[in-house]
Amino acid sequence: MKKFVGIIENQQRHWVGDGFPVRSLFSYHGDTEAISPFLLFDYAGPWNFDPKQGQPRGVGQHPHRGFETVTIVYDGEVSHRDSTGSGGTIGAGDVQWMTAGSGILHEEYHSPGYSKTGGPFRMVQLWVNLPAKDKGTPPAYQALTAAMIPTVTFDGGKARIIAGTFADTRGPARTFTPVNLWDVRLNAEADTVLPLPAGHTSLIAVLSGHVTIGPRAAGEGVGEGEIARLSTNGEGVHIRANGDAMLLVLTGEPIDEPVVGHGPFVMNTEAEIHEAILDFNAGRFGQMAPA
Ligand code: MN
């Protein structure tokens, strides 16, 4: 069984553009080995936006290189457009899995429809690293709609499998290294073992509710906005819910390579960061079609 290692948290909120009130629960500025292959976990909301006329709130054109961004929407709607010509609007239950790879430009806004009505807003953006050999992969985009994401029910709750495998159910995301990403809902008083694989970095983010992780005699409590870091060793984790709980479970095979990040670029060396900045300034990240 996996052991509880510690809590990762950050109560400080900042705004990404004017659309995303974010807590960066972890980022590549911290202990990158502890979170590998993940780089960043931005928890936006829960928030309530007032209706807005005109230009929706969000963040305009910006680059990424060297990793993947995964956007999971719980409430509200996000519209995205990028320099590959891809884009679309995702709402509750949908996921965008964008491979920045060699370089992409994109913009992320509230959808025009959601912007006009306002209302509850909650999403997660996760950055997943690419191994050095795949950092130059062409940019790509997977739109994973709610209908494509299978649900597994188990005693005490259910899990939507976005990536990886839970029991015999496989999620739709194509990943470069082994990754599990599960949207898990536990019923009040659930007492269960989630089948996390041995050898994976294992993180359980509590988005609402409160859970206890570990053996009954010596469990550790984890509350809203906190991430429990578990041991890489061991298989499965014992978890109990103290009321209904919503979790985002992430596991992945660690990528044992240096991480050098600078804003929207995450590479393996300072020289590669310098190159990314030069390439971006020279317009070598492609071009977005006019709005
Ligand atoms: Mn972005």
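Keep in mind along the way that the model is predicted.

Let us begin at the manganese ion. Four protein residues donate to it: His 62, His 64 and His 106, each through its NE2 atom, and Glu 108 through OE. These donors lie 2.1 to 2.4 Å from the ion. If you trace the donors along the chain, you will find the spacing H-x1-H-x41-H-x1-E. Are His 106 and Glu 108 buried or exposed? His 106 has a relative accessible area of 1%, so this residue counts as buried, the limit being under 20%. Glu 108, at 8% relative accessibility, is buried too.

Now move to the sheets, starting with the one that contains β19. This open sheet is made of seven strands, in the order β1-β22-β19-β24-β17-β14-β13, with antiparallel pairing. At its edges stand β1 (4-9) and β13 (151-154); each has a single partner strand, so one side of each is left without a neighbour in the sheet. On average, neighbouring strands of this sheet are turned by 25° against each other, direction ignored.

Within this sheet, strand β19 covers residues 201-208, and seven of its eight residues are buried. With β22 (residues 226-230), β19 forms five bridges in the antiparallel sense. Here Val 206 has Glu 226 of β22 as its bridge partner, and Ile 204 stands opposite Ala 228 in β22. With β24 (residues 245-252), β19 is joined by seven bridges, and these two strands also run antiparallel.

Strand β24 deserves a stop of its own. How many of its eight residues are buried? Eight of the eight are, so β24 is largely enclosed by the rest of the structure. In a regular strand, side chains alternate between the two faces of the sheet. You can follow this in β24: Ala 245, Leu 247, Val 249 and Thr 251 point one way, Met 246, Leu 248, Leu 250 and Gly 252 point the other way, and all are buried. Strand β17 (residues 179-186) pairs with β24 in the antiparallel sense, over eight bridges. In that pairing, Arg 185 has Met 246 of β24 as its bridge partner.

There is another open sheet to visit. Seven strands form it, in the order β2-β3-β4-β11-β6-β9-β12, again with antiparallel pairing. Its edges are β2 (13-16) and β12 (140-144), each with a single partner strand, so one side of each has no neighbour in the sheet. Neighbouring strands of this sheet are turned by 25° against each other on average, direction ignored. As an example of its pairing, take β6 (residues 67-75) and β9 (residues 95-99), which run antiparallel and are joined by five bridges. Thr 71 finds its bridge partner in Gln 96 of β9.

Finally, turn to the empty spaces. Rolling a probe the size of a water molecule over the atoms shows where empty space is left. The largest pocket has a volume of about 330 Å³. It is lined by 18 residues, and those closest to its centre are Val 16, Leu 40, Asp 42, Gln 125 and Trp 127. Two or more lining residues come from each of β3 (20-26), β4 (38-49), β5 (58-64) and β11 (119-129). By class, this lining has ten nonpolar, six polar and two charged residues.

The second largest pocket holds about 160 Å³ of space. Among the residues that line it are Gln 55, Ser 79, His 80, Arg 81, Glu 107, Tyr 109 and His 110. Strands β7 (78-82) and β10 (104-110) each supply at least two residues of this lining, which divides into three nonpolar, four polar and two charged residues.

Which residues line the largest cavity? They are Thr 32, Ser 36, Pro 37, Phe 38, Leu 39, Asn 129, Ile 255 and Val 259. Five of these are nonpolar, three are polar and none is charged. This cavity has a volume of about 40 Å³, and the structure holds one cavity of 30 Å³ or more.

How values were computed: Residues are numbered from 1 along each chain as its sequence is written. This is a predicted model: local features need pLDDT of at least 70, side-chain atom pairs count only at pLDDT 80 or more; totals for chains, interfaces and linings use all residues. Side-chain values use heavy atoms; hydrogens and water are left out. Donors are N, O and S atoms within 2.8 Å of the metal (3.2 Å for Na, K and Ca); water is not among the atoms, so sites may look incomplete. Buried means under 20% relative accessible area, exposed over 50%, partly exposed in between (1.4 Å probe, protein chains only). Helices (H or I, at least four residues) and strands (E, at least two) are DSSP runs, numbered from the N terminus. Two strands pair if DSSP finds at least two bridges between them. Axes are lines fitted to C-alpha atoms, for helices over the stretch in contact, and angles run from 0 to 180 degrees between N-to-C directions. On a 1 Å grid over the protein atoms alone, a cavity is a set of points where a 1.4 Å probe fits but cannot get out, and a pocket is an open set with protein on both sides within 12 Å along at least five of seven lines; lining residues have an atom within 4 Å of a point. Grid points are joined across faces, edges and corners, and a volume is the space filled by probe spheres set on the points. Ala, Val, Leu, Ile, Met, Phe, Trp, Tyr, Cys and Pro count as nonpolar, Asp, Glu, Lys and Arg as charged, and the others, Gly among them, as polar.
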